[in-house]
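Subject: Structure handover

Hello,

Here is the structure I said I would pass on. My notes on it follow below.

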Amino acid sequence: GPDPNIVSSATTVCVGQTISFDGSTSTGYTSLNWTFNNTGSPVSITGAGPHVITFNTPGSFQAILQASVSGCSTIESKNISVSPNPTVSVSSNTTI
């Protein structure tokens, strides 16, 4: 049956950063469908890739790759952690 395999450039990023996802080492499929359960862009895409996804919201998300052939499908998922960007505040009496 189909054997999806996700290769990613990272699993932890900050808001606004990108991760490249590649499914080209998947085997036994006729179609590959990606779903990214985040508010990034894009949310879904087809094909082996590599695909570059931008993560715009902090939180824990999954990259899901579904490999299908002849009505059978198998999924693989990879957990992604998106950290908020740090904020810096300087008061008027601070010397830098």
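Strands E7 and E8 pair in the antiparallel sense, with 11 bridges between them. Within this pairing, Phe61 stands opposite Ile80 of E8. Please keep in mind that this is a predicted model.

Both strands belong to an open sheet of five, ordered E2-E8-E7-E4-E5, in which the pairing is mixed. Strand E2 (12-14) and E5 are at its edges with a single partner strand each, so one side of each has no neighbour in the sheet. On average, neighbouring strands here are turned by 25° against each other, direction ignored.

There is also an open sheet of three strands, in the order E1-E3-E6, with antiparallel pairing. Its edge strands are E1 and strand E6 (51-54), each of which pairs on one side only. E1 and E3 are joined in the antiparallel sense by two bridges; Val7 has Asp22 in E3 as its bridge partner.

On packing: the largest nonpolar core has 16 residues, and those touching the most other members are Ile19, Phe21, Trp34, Phe36, Phe55, Ile80 and Val82. Two or more residues each come from strand E3 (18-22), strand E4 (31-36), strand E7 (59-69) and strand E8 (72-83). E7 gives the largest share, four residues.

On confidence: the protein chain has a mean pLDDT of 90, and 93% of its residues reach 70 or more. Confidence is lowest in strand E5 (residues 44-46), with a mean of 91, and highest in strand E1 (residues 7-8), at 97. Where pLDDT is low, the predicted coordinates should not be read in detail.

Regards

Note on methods
Residues are numbered from 1 along each chain as its sequence is written. This is a predicted model: local features need pLDDT of at least 70, side-chain atom pairs count only at pLDDT 80 or more; totals for chains, interfaces and linings use all residues. Side-chain values use heavy atoms; hydrogens and water are left out. pLDDT is the predictor's confidence in each residue, from 0 to 100. A nonpolar core is a set of buried Ala, Val, Leu, Ile, Met, Phe, Trp, Tyr and Cys residues joined through side-chain atoms within 4.5 Å. Buried means under 20% relative accessible area, exposed over 50%, partly exposed in between (1.4 Å probe, protein chains only). Two strands pair if DSSP finds at least two bridges between them. Axes are lines fitted to C-alpha atoms, for helices over the stretch in contact, and angles run from 0 to 180 degrees between N-to-C directions.
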